[in-house]
Amino acid sequence: MANDTCNIKLIVGLGNPGNEYEHTRHNIGVDFVYKLADMYKIDMRPEGKFSGIVGRGNIEGQEVRLVFPTTYMNESGRSVGALCNFYKIKPEEILVCHDDLDLPAGHMKFKFGGGLAGHNGLRSITANLANSQNYYRLRLGIGKPPSKEVINWVLGRPNSANQKLIDDAYEVALVSLKKLFTQGVSKFTSIINGYKPN
């Protein structure tokens, strides 16, 4: 199990590349990472050898890399695996930000390890980390579709009410991330997992 000290060296935002996927529910993870990059003035640029858009910066005194894998969701692990191999980053030093159908819009959960909940991006990352599931996840809720049409739901955009809930959650997570790096995992977990949207 991870200890309380935060030693995150890579933050991954999951999503699909291309204008048609921008700001869809499935891209909630990468939208969050871009907001994080803006907050900490981290320049994000395409890096072919890492199959993604990558940034390097300083978060509360710690060097951190950010990445948006541009391989499409199902192959996200190629990018994460390449970065980890090159920079010698361990699974427990990774935070993956991703959409979650099991949480209502605007709800969040932070956890270490555990199952993949059928998420293809997580499945690909795990496969490229020698099947290790021992990395952190920031689960960002998008809610369940009203029908069984999951693909159309995740590739669609939230309505204005749900987008407001998601934007509020982003703000809480961004401010709280500072505490992850300065006060540790337990503090961040209690804030994120205790958060209730208005």
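1. A pocket here is an open set of points on a 1 Å grid over the protein atoms alone, where a 1.4 Å probe fits, with protein on both sides within 12 Å along at least five of seven lines; lining residues have an atom within 4 Å of a point.

2. This is a predicted model: local features need pLDDT of at least 70, side-chain atom pairs count only at pLDDT 80 or more, and totals for chains, interfaces and linings use all residues. Residues are numbered from 1 along each chain as its sequence is written, and side-chain values use heavy atoms, with hydrogens and water left out.

3. The volume of the second largest pocket is about 330 Å³ (space filled by probe spheres set on the points, which are joined across faces, edges and corners). Helix α1 gives the largest share of its lining, five residues (helices are DSSP runs of H or I, at least four residues; strands are runs of E, at least two; both are numbered from the N terminus).

4. The largest pocket holds about 400 Å³ of space. It is lined by 21 residues, with H26, L101, G118, H119 and V154 closest to its centre. β5 (94-100), α3 (120-128) and α4 (150-154) each supply at least two lining residues.

5. Seven strands form an open sheet with mixed pairing, in the order β2-β3-β4-β1-β5-β7-β6 (two strands pair if DSSP finds at least two bridges between them). Its edge strands, β2 (45-47) and β6 (108-112), each pair on one side only.

6. β1 (residues 10-13) runs parallel to β4 (residues 62-69) over three bridges; I11 has L66 as its bridge partner in β4.
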